[in-house]
Amino acid sequence: MSSQDQAAGLRKWADLQRQQRGDIPEDTLPDEPAPTEPVSKKAASVYAASAMVPTVEAPPTPKQPLVVVGLPTHQHQVNKVRSRLSQWSALGRRWAGDPDDWDIHLVDPATANLPLLVARYPRWALWVSSDADAFMPMYRVLRQVHDNKGPKRLLALHEPHLPRQGLLDNLREAAAGYLDTELLLLAR
């Protein structure tokens, strides 16, 4: 086999590799016949080495950001949010998706940069505790969000089986009536 035939075979192989990666359009590939004789050992080793190069995987999909107020801003609290999202996901709520697909940010509602965060992050949630004395602390958080020009719409992130009557309805009504804030409730 001549070196010219080997070179033509390697060019065709390289063009096919570029075409598969999308580097060149398919219609620009030359119509060269495949070599009829075996490829040299050197050409075969080049081909084998390039065939062992790992394929490039698609980049992971970006995580959905979720900003949560109403929890201490300690990193271990993120696990509480993931656990709550996992509970909703287990109940078949598609919006919750896979809890690991969320990029959770815990934010102190008293921070002065809430308007910047609102411009950057579209999804916000209020962590709602379910204890008997939860209304005042949760309302205080909503008041801080309002006073610091935070979001006007928040998801009430609460225990899945917490009834709407009582705490959740009271928080929603107070947020709408006094703070011009929509609190989205998950309970029925």
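Buried residues have under 20% relative accessible area, exposed ones over 50%, and partly exposed ones fall in between (1.4 Å probe, protein chains only). At 30% relative accessibility, Arg 172 is therefore partly exposed.

## Basis

This is a predicted model: local features need pLDDT of at least 70, side-chain atom pairs count only at pLDDT 80 or more, and totals for chains, interfaces and linings use all residues. Residues are numbered from 1 along each chain as its sequence is written, and side-chain values use heavy atoms, with hydrogens and water left out.

## Salt bridges

The structure holds three salt bridges. The term covers a side-chain nitrogen of Lys or Arg within 4 Å of a carboxyl oxygen of Asp or Glu. Arg 172 pairs this way with Asp 169, the closest N and O atoms being 3.3 Å apart. Both residues lie in helix H6 (residues 164–179), three residues apart, or about one helical turn. Helices (H or I, at least four residues) and strands (E, at least two) are DSSP runs, numbered from the N terminus. Asp 169 is buried, with a relative accessible area of 18%.

Arg 143 and Asp 147 also meet in a salt bridge, at 3.6 Å from N to O. These two sit in helix H5, four residues apart, about one turn of the helix. Arg 143 is partly exposed at 31%. Asp 147 is partly exposed at 43%. A further salt bridge joins the side chains of Glu 182 and Arg 153, at 3.3 Å from N to O. This pair links distant parts of the chain: Glu 182 is in strand E5 (residues 182–184) and Arg 153 in strand E4, 29 residues apart. Glu 182 is partly exposed, at 40% relative accessibility. Arg 153 is partly exposed too, at 49%.

## Second largest pocket

A pocket is found on a 1 Å grid over the protein atoms alone: it is an open set of points where a 1.4 Å probe fits, with protein on both sides within 12 Å along at least five of seven lines, and lining residues have an atom within 4 Å of a point. This pocket holds about 190 Å³ of space. Here, volume is the space filled by probe spheres set on the points, which are joined across faces, edges and corners.

Strand E4 (residues 153–157) gives the most to the lining, with three residues. By class, the lining has nine nonpolar, no polar and two charged residues. Nonpolar covers Ala, Val, Leu, Ile, Met, Phe, Trp, Tyr, Cys and Pro; charged covers Asp, Glu, Lys and Arg; the others, Gly among them, are polar.

## Aromatic pairs

The structure holds two aromatic pairs. In one, Trp 88 and Trp 95 are tilted, at 6.2 Å centre to centre with 45° between the planes. Rings of Phe, Tyr and Trp (its six-membered ring) pair if their centres lie within 6.5 Å; planes under 30 degrees apart are stacked, over 60 edge-to-face, and the rest tilted. Trp 88 is buried, at 1% relative accessibility.

Phe 135 is partly exposed at 28%. Tyr 139 is buried at 15%.
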